[in-house]
Amino acid sequence: MKKNLKFFLIDFEGNSYIEDVERLENVYFSFPSFTNHSFIKRKNCKILKKKPVTFEKYKKAFDFVQDEIKKGNTYLLNLTFPTKIKTDCDLLEIFSSSKAKFKLYFKDKFVCFSPERFVKIQNNKIYTYPMKGTIDASIPNAIEKILSNTKEMAEHTMVVDLLRNDLGIIGRNVKVNKFRFIDKIKAGDKELLQVSSEIEASLPNNWQHNWLGILKQMLPAGSITGTPKKKTVEIIKKAENYNRGFYTGIFGITDEKTFLESAVIIRYIEKAEFHNFTTSQLYTYIYKSGGGITVDSNVYIEYDELLKKVYIPI
């Protein structure tokens with residue numbers, strides 16, 4: 001573990017929390033190359049019951065978004081909702097049992113097991129990895145189907161364009177290194193294929209002096225908002241009518257010299273109290289999930305995707 005690292009957490013509204021990694025209390029994280037814990041998996045945590053938003057409520061928000069798309073106010077919007085869940089694990093057990101490229105447990109308030117990197121900085125280069133497009137890996141010819149789907153292609157292309165513009169604000173020589181490559185991720189007892197791209201830009205030599213400002217210029221993340229970003233965020237708040245909080249924010253680490261690593265806070269469970277949804281032996285939480293909406297979206301398929309994303313990768 002490197003020394004003199006900073007941990008940072010930025011919520012959907014842009015509020016930030018920064019602390020020296022060595023001084024963190026009750027905060028644990030895992031990145032591909034760095035971790036601050038040595039927990040051993042002790043049990044397989046599963047979601048025992050889901051109580052999602054009703055289809056009628058989801059459809060009302062979906063129709064509102066579609067109307068805004070027809071007016072030309074947004075072209076892609078990530079619509080999310082909370083789902084009440086029951087599980088036989090507490091948040092720390094969920095953290096230690098889950099498998100993901102990026103994981104975070106924060107002060108017994110929430111846990112995140114995210115497959116999506118936000119940005120990575122190495123020396124004076126910044127890379128971002130927008131993730132849009134998901135399919136069950138068990139479907140015959142799944143890779144060919146997801147890559148040839150015109151709706152998924154349009155959605156992914158819009159996010160890549162948005163992130164290229166975001167990198168252009170803070171850097172130069174923006175280029176797409178890889179377009180629509182496939183990642184495999186665990187989704188409970190299933191495996192999903194996720195479509196991502198890699199975009200690169202060059203940063204000023206003194207980026208270390210303003211790394212937080214650089215990040216905030218790119219937030220909220222394009223893959224969990226949509227395009228055009230400012231207007232789409234306004235529509236999101238009207239359509240969802242709930243507080244995302246830390247969900248769809250970012251977290252990361254940096255040495256403030258040569259590197260910065262960060263992830264998008266998706267696949268997210270937070271602590272909540274619902275008096276009509278608890279028993280003495282089961283914990284009660286909220287799982288927040290969603291998906292991208294375009295003019296070609298089908299309300300039944302999008303609602304089903306929201307539900308399928310409520311899982312613990314074990």
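This is a predicted model: local features need pLDDT of at least 70, side-chain atom pairs count only at pLDDT 80 or more; totals for chains, interfaces and linings use all residues.

Biologist: Is strand E5 mostly covered or mostly uncovered?

Modeller: Strand E5 runs over residues 76-87, and a residue counts as buried when its relative accessible area is under 20%. Ten of the twelve residues of E5 are buried, and the strand is therefore described as mostly covered.

Biologist: What is omega for the cis peptide bond that joins Thr227 and Pro228?

Modeller: Pro228 is placed in the loop between E13 and helix H6, which covers 229-240. The peptide bond joining Thr227 to Pro228 is cis, and its omega is about -10 degrees.

Biologist: Where does Pro220 lie?

Modeller: Pro220 is also reached through a cis peptide bond, from Leu219, with omega near -5 degrees. Its place in the chain is the loop between helix H5 (211-217) and E13.

Biologist: Is Arg180 buried or exposed?

Modeller: Arg180 lies in strand E11, which covers residues 172-187, and its phi is near 60 degrees, a positive value in a residue other than glycine. Its relative accessible area is 10%, and the cut-off for burial is under 20%, so Arg180 is buried.

Biologist: What is the relative accessible area of Thr248?

Modeller: Thr248, which is not a glycine, has a positive phi of about 70 degrees. The residue is found in the loop between H6 and strand E14 (250-254). Thr248 counts as buried, because its relative accessible area is 1%.

Biologist: How far apart in space are Gly168 and Gly252?

Modeller: Gly168 lies in helix H4, which covers residues 150-170, and it counts as partly exposed because its relative accessibility is 39%. In sequence, Gly168 and Gly252 are 84 residues apart, while in space the C-alpha to C-alpha distance is 21 Å.

Biologist: Why is the protein chain said to be as compact as a globular protein of that length?

Modeller: The protein chain holds seven helices and 17 strands. The globule rule gives 20 Å for 314 residues, and the chain is as compact as a globular protein of that length because that value is close to its radius of gyration, 19 Å.

Biologist: What share of the contacts with a separation of 6 or more comes from residues 24 or more positions apart?

Modeller: Of the 314 residues of the protein chain, 54% count as buried, and the C-alpha trace spans about 55 × 45 × 40 Å along its principal axes. Among contacts with a separation of 6 or more, the share from residues 24 or more positions apart is 72%.

Biologist: How far apart are the mean positions of the positive and negative charges?

Modeller: The protein chain exposes about 14400 Å², of which carbon and sulfur atoms supply 48%. There are 50 positive and 37 negative charges in the chain, and the distance between their mean positions is 1 Å.

Key: Residues are numbered from 1 along each chain as its sequence is written. Side-chain values use heavy atoms; hydrogens and water are left out. Helices (H or I, at least four residues) and strands (E, at least two) are DSSP runs, numbered from the N terminus. The radius of gyration is taken over C-alpha atoms; the globule rule is 2.2 Å times the number of residues to the power 0.38. Buried means under 20% relative accessible area, exposed over 50%, partly exposed in between (1.4 Å probe, protein chains only). Contact means heavy atoms within 4.5 Å. Accessible areas come from the Shrake-Rupley method with a 1.4 Å probe; for residues, only the protein chains shown count as cover. Lys and Arg count as positive and Asp and Glu as negative; His and the chain ends are not counted. The place of a charge is taken as NZ of Lys, CZ of Arg, CG of Asp or CD of Glu.
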